[in-house]
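Reader: Could you walk me through this model, with the cut-offs spelled out as we go?

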Amino acid sequence: RASVRWIAGWPELLFRLRGGYADYGAPLSVPRNLGSPGRANSRRVLNAGPALYEISHSPALPRAGEPVRVVTRVSDPDVVTSLVLRFRTDPETALSEVPMRDDGLEGDVLAGDGLFTATIPGRAASLVAFHIAAADGSGATSLWPRGFPIEEGMIRWGDLAPLGTFPHVHLWCTTKNRNAVGNALNNAYRRGTLVYGNTRVIHNVYFRDKGSPYHSGAGDILVRTPDDEKLHGVSERLFSKTGNGGVEETGLRGRVSAWIASQMGVPSLSGKYQFFYINGASFANIVEDQEEPDHRYAEHHQPDNVPGDLYKTSIQFDYNDGNLQFNATQATMERFLSEGRLKLARYRWNWERRAQQMPESNYQTIFDLVEAINSTADAGYVDRVLRHADIAEWLDVFAFHRVTDRKSTRLNSSHRT
C-alpha cells in the first residue's frame, strides 16, 4: 500500500520488483482545476520582502587580486531599508558583510540607475560564496538565493581563460556541495554557478554526475540552468568526455561518427568541443557540449502526429543490496511469457515508451512485433514482420553500427514501431 499525490509530470505511478519479475502501474487522480487564478492561495503573504533580481558579478573570471563587483536590482512597494551582501571564503563559515549602494560611490558605477553594488576585495586563487539580504520599512525580509544556506552564489579567483577558438566553461561549487554525494551513481543535484566564456554568468545552476553503471555513474556532467537563464536555448546541458565513460584518445570518433550518421540519414546527437573546468581543475583535456536525447529532440525527429509509438531501447540494471554489484539485462525481441501471455514487466524496462495516453502500460505495438518476429510459420513471415517494422530504417542503423564499431557512436537508440 502507498499514499501518493500527483505534483507534476506523467500522472502514473509504477511499482516494480527487483529483477523485473512483476510490476504494477497505478494511474493517479489529477485535479481538474490545477490553479487558483484571481484567488489567494498558499503562497499569499500580507507583506512580501523586497524582490531581488538580475544578480550578477564582474569581472566574470577575476584574476588573482582583482576586486569583484556584485550588482542587483531590488523592488518593493515599501521603502527598502536594508540591502547587504554577505560573503565567505569557502570552506570557512564566517561571513563578512558590506552594504549595497546606488550612490556612485565605492564601486557603484552610476548613482540612481537602479543597480545596487557591493565590492568584494581581490584575493588569491580561492572560492567565495555569497548571498544578498534585504528588508523593507514594514520589517519584511528576503534572501537571494531563496534556498540559502543550501544555495549560494559563487565567485572564484584565478581560473584559467584558455587561448584558442574552443569555448571555455567554468562550474563553481562549494566543497560541501561537491562532496555531497559519495557515489557518482547518486543522481541528486547539487548547486553551483556556471560561467560561459569570459562574460556569461549563470547563478543557481544544478548539476550532477551522469554516466552508465558500467562506469560507476561517472564520465559526464549534466548541468541544469534556471528556466529564465537558458544556455543556447535550452535549460539542460551535458558536458561529456569524448569516450564511452572516459577520454577517447583521438577525441574525434564521436564527431566523425555523427557526421557519418547524418550522411546516412540516421538520427544522431550533435556536440561542440569545449574546455570544461570544475573549481579551476580541468575535467578532461577536451569535452563535448553534448545534445541530449530529450523531449525536444524526440519531437524534432519523431513528432507526436506521426503514426505509431516511440520507444527507446534501454538496459535494465538491478543492483544488489550493497549497491555495488548489478545485473544488466539487454533489450531483445525474445518471447518472455507469464501464464501464457507476454510478460509486460519483462519488456517495460528495456523498451521505454514515450508516454502519450493512459495507460502508459499499453505495449501492444511491441508485443505485435515480438510475435511477428518469433512466428514459426514460414508462409507469410516476411509480410508479417514488414507490417510492424520499417526494415529499411533498421538496416540503416545496423549498417551504421557496423561501420563505426558502435562503441564509438552516440546514437539516439529510439525507433518507431
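Predicted model: local features only at pLDDT ≥ 70, side-chain atom pairs only at ≥ 80, totals over all residues.

Reader: How many helices and strands does the protein chain have?
Author: The chain has seven helices and 25 strands, taken as DSSP runs numbered from the N terminus (H or I, at least four residues, for helices; E, at least two, for strands). Along the principal axes, its C-alpha atoms fill a box of roughly 90 × 55 × 45 Å.

Reader: And what share of the residues counts as buried?
Author: Of the 417 residues, 39% count as buried, where buried means under 20% relative accessible area, exposed over 50%, and partly exposed in between (1.4 Å probe, protein chains only). As for contacts, meaning heavy atoms within 4.5 Å, 57% of those between residues at least 6 apart in sequence join residues at least 24 apart.

Reader: Which residues have the most contacts inside the largest nonpolar core?
Author: Those are Leu52, Leu85, Ile120, Phe130 and Ile132, in a core of 18 residues; such a core is a set of buried Ala, Val, Leu, Ile, Met, Phe, Trp, Tyr and Cys residues joined through side-chain atoms within 4.5 Å. Two or more of its residues come from each of β3 (51-58), β4 (68-75), β5 (80-89), β7 (116-120) and β8 (127-136), and β8 gives the largest share, four residues. Another core lies apart from it, with 17 residues, among them Tyr196, Phe207, Leu231 and Ala284.

Reader: Switching to pockets, what is the volume of the second largest pocket?
Author: Its volume is about 670 Å³, that is, the space filled by probe spheres set on grid points joined across faces, edges and corners. On a 1 Å grid over the protein atoms alone, a pocket is an open set of points where a 1.4 Å probe fits, with protein on both sides within 12 Å along at least five of seven lines, and lining residues have an atom within 4 Å of a point. There are 26 lining residues, and the closest to the centre are Leu52, Ile55, Trp144, Asn204 and Asp228.

Reader: Which elements give two or more residues to that lining?
Author: They are β3, β9 (141-144) and β13.

Reader: Is Asp209 buried or exposed?
Author: Asp209 is buried because its relative accessible area is 12%. It lies in strand β13 (residues 200-210), and its side chain makes a polar contact of 2.8 Å with that of Arg190; the term covers a pair of N or O atoms within 3.5 Å, where within protein one must be able to donate a hydrogen and the other to accept it, and residues adjacent in sequence count only if both atoms are side-chain atoms.

Conventions
Residues numbered from 1 in each chain as written. Heavy atoms only, no water.
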